[in-house]
Amino acid sequence: MMRALIQNGYGGPEVLAAADLPEPGPPGPGLVAVAVHAAGLHAGDVWIMRGEPLMIRAAFGRTRPKQPVVGRDITGVVTAVGEGVTTLAVGDRVFAESDQGGFAETALVDARFVRPAPANLDDAHAAVIPVSGTTALQAVRLAAVGPGDRVLVIGASGGVGTYVVQLAVALGATVTGVASAAKADHVRAAGAGRVIDRRTEELGADGARYDVIVDLVAAQPLGALIGLLAPRGTLVLSAGTGSRTFGPLPRLAAAVLRSPFTRRRLKPLVARRSGDDLDELRAHAEAGRLRPRVDAVFPLDRAPEAFARLAAGRVTGKVAIRVRGDGEADAAARADADAGAEPA
């Protein structure tokens with residue numbers, strides 16, 4: 001048997017609970033079994049918990065997830081490899097993006113999306129990279145960020161936003177971040193030269209124009225953001241809020257329809273899993289260019305609290321779950337979690 005976090009329906013953290021489940025069988029062709037040490041949370045996990053936007057239930061299940069064990073970001077050690085896997089071996093320390101099933105003591109993962117974990121990071125910090133880091137990397141790549149670019153990151157204090165700031169700075173860009181005043185120091189520490197208080201300052205009031213805008217929040221009208229771009233600037237749209245049924249899709253579709261009628265480039269981002277991107281992120285992490293901020297670490301039995309904190313916007317950077325650990329480690333995890341975070 002193994003300990004795992006299961007989701008019994010859609011709603012708030014009350015639909016989540018730790019439970020004992022049978023260990024998965026041996027990995028099939030192309031799969032590896034990973035003893036999960038730590039897991040990372042990201043915004044998509046909260047969407048799945050809530051079952052919103054409602055359209056995602058078509059893929060995950062009408063009344064509850066078809067796969068009761070959710071979770072995608074993991075770090076751990078390979079315990080078995082399936083037929084045809086030649087790039088990984090038992091005992092390898094890895095980080096990976098699974099296709100759900102990650103919040104468990106053992107996860108079966110497609111070997112294409114499993115890579116050696118950054119050697120300089122502990123389990124919790126490595127576990128919070130895959131989904132958010134890959135999304136950030138694909139955002140700066142889509143925008144073709146380069147030296148001297150003026151980049152505006154809206155939602156700069158979140159998991160993806162922090163990585164976008166760091167990666168853009170690593171590419172030689174000058175970054176302005178938008179966040180709450182309580183999280184401004186975190187955004188500056190990530191490398192932003194300036195932070196705009198999202199509550200008290202109006203975007204564009206200073207006359208600044210940007211070569212690239214990465215919008216992770218969707219709080220401003222498209223027209224307003226386009227007006228903040230340089231004549232040949234690029235707007236990258238990723239996730240954000242939207243309608244209860246369709247989420248951000250109408251906004252992304254509007255950007256696609258509007259794009260032919262402006263010299264600016266409007267680029268919706270649909271992030272995808274990529275083992276090659278994990279390799280690149282590992283290189284950035286080991287060189288110190290990518291520095292995960294783990295706001296708190298929760299033991300598995302308290303994972304619903306981690307979801308609650310993320311859903312309430314009370315996380316600066318990332319939050320992790322310790323899946324395997326001794327008593328001393330779990331005590332440290334509880335202390336970290338109880339220490340709290342700055343309010344959003």
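Guide: Start with the terms helix and strand: a helix is a DSSP run of H or I with at least four residues, and a strand is a run of E with at least two. Counted that way, the protein has 11 helices and 15 strands. Keep in mind that this is a predicted model.

Visitor: How do you know that the radius of gyration agrees with a compact globule?

Guide: The rule is 2.2 Å times the number of residues to the power 0.38. For 344 residues a compact globule would come out near 20 Å, and the protein has 20 Å, so the two agree. Along the principal axes, the C-alpha atoms fill a box of roughly 60 × 40 × 40 Å.

Visitor: What makes Phe103 and Phe307 an aromatic pair, and why is the pair called edge-to-face?

Guide: Ring centres must lie within 6.5 Å to pair, and planes over 60 degrees apart count as edge-to-face. Here the centres are 6.1 Å apart and the planes make an angle of 85°. The structure holds 1 aromatic pair.

Visitor: Why is this pair said to tie together separate parts of the sequence?

Guide: Phe103 sits in the loop between β5 (93-97) and β6 (106-110), while Phe307 belongs to helix α10 (residues 303-311). The pair therefore joins parts that are 204 residues apart in sequence.

Visitor: Why are Phe103 and Phe307 called buried?

Guide: Buried means under 20% relative accessible area. Phe103 has 0% and Phe307 has 1%, so each counts as buried. In the protein, buried residues make up 52% of the 344 residues.

Visitor: Is Asp45 buried or exposed, and how do you know?

Guide: Asp45 has a relative accessible area of 3%. The cut-off for buried is under 20%, so Asp45 is buried. Asp45 is located in helix α1 (residues 43-50).

Visitor: What is Asp45 in contact with, leaving aside neighbours within four places in sequence?

Guide: Contact requires heavy atoms within 4.5 Å. On that basis Asp45 touches Gly40, Gly71, Arg72, Phe103 and Phe307.

Visitor: What share of the protein's contacts with a separation of 6 or more comes from residues 24 or more positions apart?

Guide: Such residues account for 69% of those contacts.

Conventions
Residues are numbered from 1 along each chain as its sequence is written. This is a predicted model: local features need pLDDT of at least 70, side-chain atom pairs count only at pLDDT 80 or more; totals for chains, interfaces and linings use all residues. Side-chain values use heavy atoms; hydrogens and water are left out. Buried means under 20% relative accessible area, exposed over 50%, partly exposed in between (1.4 Å probe, protein chains only). Rings of Phe, Tyr and Trp (its six-membered ring) pair if their centres lie within 6.5 Å; planes under 30 degrees apart count as stacked, over 60 as edge-to-face and the rest as tilted.
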